[in-house]
Amino acid sequence: MTARIVGIGAYVPETIVTNHDLANIVETSDEWIYSRTGIKERRISVKEETSDLAAEAARRALEHAGIKPAELDLIVLGTSSPDCNYPSGACEVQAKIGAVNAVAFDVSAACAGFIFALNIVQGFFKAGIYQNALIIGAETLSKVTNWEDRSTCVLFGDGAGAAVLKNDDCGVIDMLMGSDGTMGDFLKCKSRTLGNLLTEERPELGFTEMNGQEVFRFAVKRVPESIETLMKRNQMSKEEIKYYVLHQANERIIEAAARRLKEPMEKFPMTISKYGNTSTASIPLLLDDMLKKGMLKQGDKIILSGFGAGMTWGAVLLEWCI
Ligand code: COA
């Protein structure tokens, strides 16, 4: 048995912030941002928290799947920007959508969070423990962005995407995940610093910090490597893969991956220009976009690939069975 995607949903906040808008607050330009990242604009949440975005994406995915919230056994939310330290974002979503019979928890794997969530569900399904699951990638990274740091604030955006999964005989074919904590400083957002009755300092909140070149180097190596591993171990030729659905971090990373895989850019759909890097949300947002454009057909083989802070990475080879 395996995880079959039976519904996809997406939701982004309505406020659009363009590169030109950002050029009014930091020393940058549309030309610099677009030429280095492929980003033109991103959505920024004004009122909605991560769990609000996640719940709306979840409702849409459930509607697409034709499954009622009460039928869900499991909710796994990938996020690095939850509303609270506790309760988990997944529990908040559970309450918001009325998934009264589900167990719910978050997974923290940064931009690989959606892939990790999918693979966790896959494990439960293979063990025969659950039948219907909801996975979500949702972020309001805008709240952990340093809006005075031009090297990071131009990259990220807010949004959410979700998938409903059924334990079935068609869907995920193979998957892999990896982590390397020794690279943790490449991309980091510290939580509240230590500050308590025994310390002189008061707690401070951290913001996203990044060594862009190291992250770039890491991604262009790991992404093609993990895709090739999946293809090799399943004796799958490149011709059999319809699309590579990559985490939308940067168009240049995607182009470099395509070059290394010797595959044409048409096989790498993108939403980066309109949403920026939405971390865990980017893969389901992209799947939603592809579905709406009629790009995914029953029987298509696709590979999903995510990577991010940790550093973490993961990839999934699946057959599209909606
Ligand atoms: N606008 C204008 N100039 C900027 C800028 C901005 N928004 N951000 C940085 N710069 C400047 C730098 O200050 C630097 O100036 P200097 O040469 O005078 O010091 C110059 O541009 C080059 O900076 P550098 O960091 O070397 O640029 P880069 O070509 O490596 O591009 C990234 C920066 C962030 C676009 C690139 O490293 C990248 O995409 N990395 C991966 C990031 C990522 O995907 N993270 C998420 C992973 S999940």
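The structure holds 16 salt bridges. This is a predicted model. The protein chain has 10 helices and 13 strands. Its radius of gyration is 19 Å, close to the 20 Å that the globule rule gives for 322 residues, so the chain is as compact as a globular protein of that length. The domain assignment gives domain 1 (2-169) and domain 2 (174-319).

**A salt bridge in a helix**

- Arginine 222 forms a salt bridge with glutamate 225.
- The closest N and O atoms of arginine 222 and glutamate 225 are 3.0 Å apart.
- Both arginine 222 and glutamate 225 lie in helix 7, which covers residues 212-233.
- Arginine 222 and glutamate 225 sit 3 residues apart, about one turn of the helix.

**Overall dimensions**

- Along the principal axes, the C-alpha atoms of the protein chain fill a box of roughly 55 × 45 × 35 Å.

- The C-alpha centres of domain 1 and domain 2 lie 14 Å apart.
- Domain 1 brings 47 residues to the contact, and domain 2 brings 41 residues.
- Together, domain 1 and domain 2 bury about 3400 Å² between them.
- Of that buried area, 67% is on carbon and sulfur atoms.
- In domain 1, Cys111, Ile115 and Asn119 lose the most area to domain 2.
- Cys111, Ile115 and Asn119 together account for 18% of what the domain 1 side buries.

**Polar links across the interface**

- How many salt bridges does the rule find across the interface of domain 1 and domain 2? The rule finds 0 salt bridges there.
- Polar contacts do cross the interface of domain 1 and domain 2: the rule finds 13 residue pairs, both residues at pLDDT 80 or more.

- Helix 5 gives the largest share of the domain 1 side, 6 residues.
- By class, the side of domain 1 that touches domain 2 has 21 nonpolar, 17 polar and 9 charged residues.

**Backbone features to look for**

- Most residues other than glycine have a negative phi, and most peptide bonds are trans.
- The peptide bond from tyrosine 86 to proline 87 is cis, with omega near 5°.
- Proline 87 is found in the loop between strand 4 (74-78) and helix 4 (89-97).
- The peptide bond from glycine 310 to methionine 311 is also cis, with omega near -5°.
- Methionine 311 lies in the loop between strand 12 (301-308) and strand 13 (312-319).
- Glutamine 235 has a positive phi of about 45°, although it is not a glycine.
- Where is glutamine 235 placed? Glutamine 235 is in the loop between helix 7 and strand 11 (243-246).

Terms used. Residues are numbered from 1 along each chain as its sequence is written. This is a predicted model: local features need pLDDT of at least 70, side-chain atom pairs count only at pLDDT 80 or more; totals for chains, interfaces and linings use all residues. Side-chain values use heavy atoms; hydrogens and water are left out. Domain bounds come from an automatic or database domain assignment. Contact means heavy atoms within 4.5 Å. Buried area is the accessible area (1.4 Å probe) that two parts lose on being put together, summed over both. A salt bridge is a side-chain nitrogen of Lys or Arg within 4 Å of a carboxyl oxygen of Asp or Glu. A polar contact is a pair of N or O atoms within 3.5 Å; within protein, one must be able to donate a hydrogen and the other to accept it, and residues adjacent in sequence count only if both atoms are side-chain atoms. Helices (H or I, at least four residues) and strands (E, at least two) are DSSP runs, numbered from the N terminus. Ala, Val, Leu, Ile, Met, Phe, Trp, Tyr, Cys and Pro count as nonpolar, Asp, Glu, Lys and Arg as charged, and the others, Gly among them, as polar. The radius of gyration is taken over C-alpha atoms; the globule rule is 2.2 Å times the number of residues to the power 0.38.
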